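User: I have a model open and would like to talk through a few spots in it. Could we start with one of the loops?

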Amino acid sequence: MALEETLFHRLADETIENISDVIDDAAGDAIDVDLEAGILTIELDSGEQFIINKHALNRQIWMSSPVSGASHYDYDEDTESWRSTRGATTLHEQLAADLAVKTGHKIALD
């Protein structure tokens, strides 16, 4: 069941802001983190980018990754996490794994 619109926006905004803050604090010197108008861009030294944003129409968070490609996440109220629409992975797990592949460093996002 889709989230009510106001709740979706609050949860999605909080999640994206939290990810931005954690990555900036953990690796701000090595990774360029920019959150503007609800779109999080994480740029690596190589120029590769991760893009994370909310998609209000579907009540999802979308991620574009140079490692895993495009993925979409629905909010799971039981686990209070954003779960992939294509598998059991959460947004935080996939992003942390992809960042580790590209940077060699594990960033704890949960």
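User: Where is P66 found?

Analyst: This is a predicted model, and in it P66 is found in the loop between β4 and β5.

User: What does P66 touch, leaving out residues up to four places away in sequence?

Analyst: Setting those neighbours aside, P66 touches E48, Q49, F50 and K102. The C-alpha atoms of P66 and V101 are separated by 10 Å, although these two residues are 35 apart along the chain.

User: Switching to the helices, how do α1 and α2 cross?

Analyst: Their axes come within 12 Å and cross at roughly 30°, which means that α1 is roughly parallel to α2, since angles under 35 degrees count as such. In handedness, α1 passes α2 in a right-handed crossing.

User: Which residues make that contact?

Analyst: On the α1 side they are T15, I19 and I23, and on the α2 side L91, H92, L95 and L99. Sorted by class, the contact of α1 with α2 has five nonpolar residues, two polar ones and no charged ones.

User: What about the largest nonpolar core, which members touch the most others?

Analyst: That core has 26 residues, and those touching the most other members are I23, I31, I42, I52, W82, L95 and L99. At least two core residues come from each of α1 (5-27), β2 (39-43), β3 (49-55), β4 (60-65), β5 (69-76) and α2 (91-103), and the largest share, seven residues, is supplied by α1.

User: One more topic, backbone angles. What is the phi of R59, and what is the phi of E80?

Analyst: R59 has a phi near 55°, a positive value in a residue other than glycine, and for E80, also a residue other than glycine, phi is likewise positive and near 55°.

User: Why point those out?

Analyst: Because most residues other than glycine have a negative phi.

Terms used: Residues numbered from 1 in each chain as written. Predicted model: local features only at pLDDT ≥ 70, side-chain atom pairs only at ≥ 80, totals over all residues. Heavy atoms only, no water. Core = buried A, V, L, I, M, F, W, Y, C linked by side-chain atoms within 4.5 Å. Buried < 20%, exposed > 50% of the residue type's maximum accessible area, 1.4 Å probe, protein only. Helix = DSSP H or I, 4+ residues; strand = E, 2+ residues; numbered from the N terminus. Axes fitted to C-alpha atoms, helices over the stretch in contact; angles between N-to-C directions. Parallel < 35°, antiparallel > 145°, perpendicular 65-115°, else oblique. Left-handed = near helix turned anticlockwise from the far one by under 90°. Contact = heavy atoms within 4.5 Å. Nonpolar A, V, L, I, M, F, W, Y, C, P; charged D, E, K, R; others polar.
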